[in-house]
Amino acid sequence: MPLLRHLSPFFAVAFIIAFLVCACREGPIERRKDAEYDAVVIGAGMSGLSAAAHLSAAGLKVLIVEQSAKVGGCTSWFQRGQFRFDTALHEMNGGLPGSIAGDLMAAVGVDKKVELIRITSTGRTLAPGVDVRHGHNVEGMIDVLSKGWPQEKAGIDAFYKEMHTITQQMRSLAEIYRASPLSRLGFMFSAPFKAASFVKMRKDTLQQVMDQYVTDAGLQAVMGQWWIYYGPPPSRLWAPLYLHATYSYLEDGAFQVKGSSAALADAYAQRVQDLGGTIELGAKAVRIDTVDGQVRGVTTEDGRSLASRYVISSADPIQTFDKLLKGVPEADDERNRIATMEPNTSLVGVYLGLDVEPSFFGVDDYEIVLSGSTSADAVFKASLEQRYDEGMVAITLYGNLHDPWYAPPGSSVVTLNSYARLADWPKDEASYQAKKRAMMEGLINRAQSVLPGLRDHIVVQEGMTPYTIERYTSQSQGAPYGWAATPQQWDRSSQVTPVDGLYLCGAWTAPGHGVAAAQMTGYRAARLILDREGHP
């Protein structure tokens with residue numbers, strides 16, 4: 001189409017997607033006699049559970065196949081001695097009515113099955129010359145920063161005003177994924193007027209945006225601190241994602257699910273079953289079955305064929321297209337496209353069970369981020385090289401939320417995390433274990449600068465590496481955040497695939513991740529199917 005050469009990449013993508021969406025609006029896939037299920041969902045992580053719950057609530061017959069022995073994926077838990085640990089996710093953006101997570105939970109009755117704990121501080125930043133406890137909402141954050149850097153107040157106000165604008169404009173696009181091709185084309189031409197700030201910023205990094213408003217390195221370190229939730233440092237991080245997600249985080253509040261994030265996964269699983277859905281654990285999908293470019297179901301590792309009209313894959317796109325759709329010609333173009341894309345960075349961490357509560361160390365913070373420099377690029381590089389005194393360590397003190405689920409009275413659970421690349425980790429066992437021990441020692445040593453005497457109170461400890469994440473979640477390269485969140489990859493992987501009846505969900509399919517975003521991608525995959533089925 002010659003016209004595309006004259007459009008910006010943003011409009012070109014919108015134009016292409018408009019035609020791709022036609023496939024999901026052709027009407028329902030015919031009910032076949034051999035199709036035992038309306039939909040099979042691959043993976044019982046948060047996005048797969050969300051998708052299955054919304055489909056089940058609409059009356060569709062749904063089966064989830066999950067390779068692990070428990071549901072949850074990253075929203076799971078494990079136990080060592082008397083201590084229980086969240087495997088990964090520890091807080092959720094929103095949860096009350098009016099927030100994305102709150103409304104999605106309420107739509108399928110999950111809100112009645114969980115209890116939320118409000119986190120009153122959104123964290124503490126510690127870096128050379130910087131010690132700031134973040135505000136718990138937008139106004140509180142502006143106040144904290146303005147008091148710390150009064151000479152930059154005008155820039156701080158303008159930055160958060162821009163955050164608000166970007167957030168409103170991105171929210172206005174929330175339903176475009178299910179719009180008709182004509183509506184999408186209309187948006188394409190109206191976007192410069194209706195979403196001007198977003199369109200203008202679509203190629204910018206967070207660093208470029210912060211530089212427009214403030215200059216102090218310490219201030220930028222605090223304003224951009226939560227790049228650690230997204231992967232790339234501000235010099236590479238897609239600005240609209242950070243601004244929208246961080247503003248929503250401040251506006252909607254941060255919450256922990258009482259009894260761990262796994263309690264939310266269990267609640268979703270229970271609702272799926274209450275609504276007539278089925279969950280099979282220990283059932284690994286090895287192939288998505290297709291005939292003439294249309295799904296026919298899923299084949300499991302034990303050789304069973306599970307026939308269905310639709311399939312939703314919460315496996316990452318690399319797994320989905322390279323393995324589950326291996327040899328399917330309709331998937332070739334997408335398979336080739338994602339081969340050029342960059343997965344996000346992985347993580348390392350230490351789970352600690354202590355014989356003291358956090359008050360022993362004189363800290364009442366829930367989350368503390370230690371950085372060896374106000375330069376995020378230097379911090380990121382040092383972290384990858386396991387130089388944690390110069391790098392980043394995120395400390396989460398679960399005891400300060402006073403949830404007794406994690407540890408017995410008088411004791412507590414603490415986790416330490418930083419960034420890593422799977423490619424930097426050796427495969428031979430001896431070298432791997434030596435690097436893992438060094439990582440754990442390095443994180444603990446660094447944390448002792450805030451938690452003096454920490455080592456003397458460790459009862460149990462367990463390490464996590466990129467291989468741990470890859471092994472337990474099957475995320476390619478141990479990347480739980482999906483594709484690297486850079487301006488070049490802002491569109492990630494479409495939830496609509498070239499295979500008719502196959503949809504994707506999960507962190508790889510939308511800018512953003514975490515508990516709320518995972519629930520949203522699951523809902524969207526379900527909604528695309530329900531639109532085809534004619535459900536309101």
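User: Why does arginine 133 count as partly exposed?

Analyst: Happy to walk through it. This is a predicted model, and in it arginine 133 has 41% relative accessibility. Buried would need under 20% and exposed over 50%, so arginine 133 falls in between and counts as partly exposed.

User: And what makes aspartate 365 buried?

Analyst: Aspartate 365 has a relative accessibility of 5%. The cut-off for buried is under 20%, so aspartate 365 belongs in that class.

User: How do you know that aspartate 365 forms a salt bridge with arginine 133?

Analyst: Their closest N and O atoms are 2.8 Å apart. A salt bridge asks for a side-chain nitrogen of Lys or Arg within 4 Å of a carboxyl oxygen of Asp or Glu, so the pair qualifies. Aspartate 365 sits in the loop between β14 and β15, and arginine 133 in strand β8, so the bridge ties together parts 232 residues apart in sequence.

User: What makes arginine 171 and glutamate 251 a salt bridge too?

Analyst: The N to O distance there is 2.8 Å, and the limit is 4 Å, so this pair also passes. Arginine 171 belongs to helix α5 and glutamate 251 to helix α10, so parts 80 residues apart in sequence are tied together.

User: Why are arginine 171 and glutamate 251 called partly exposed?

Analyst: Arginine 171 has a relative accessible area of 33%, and glutamate 251 is at 36%.

Methods. Residues are numbered from 1 along each chain as its sequence is written. This is a predicted model: local features need pLDDT of at least 70, side-chain atom pairs count only at pLDDT 80 or more; totals for chains, interfaces and linings use all residues. Side-chain values use heavy atoms; hydrogens and water are left out. Helices (H or I, at least four residues) and strands (E, at least two) are DSSP runs, numbered from the N terminus. Buried means under 20% relative accessible area, exposed over 50%, partly exposed in between (1.4 Å probe, protein chains only).
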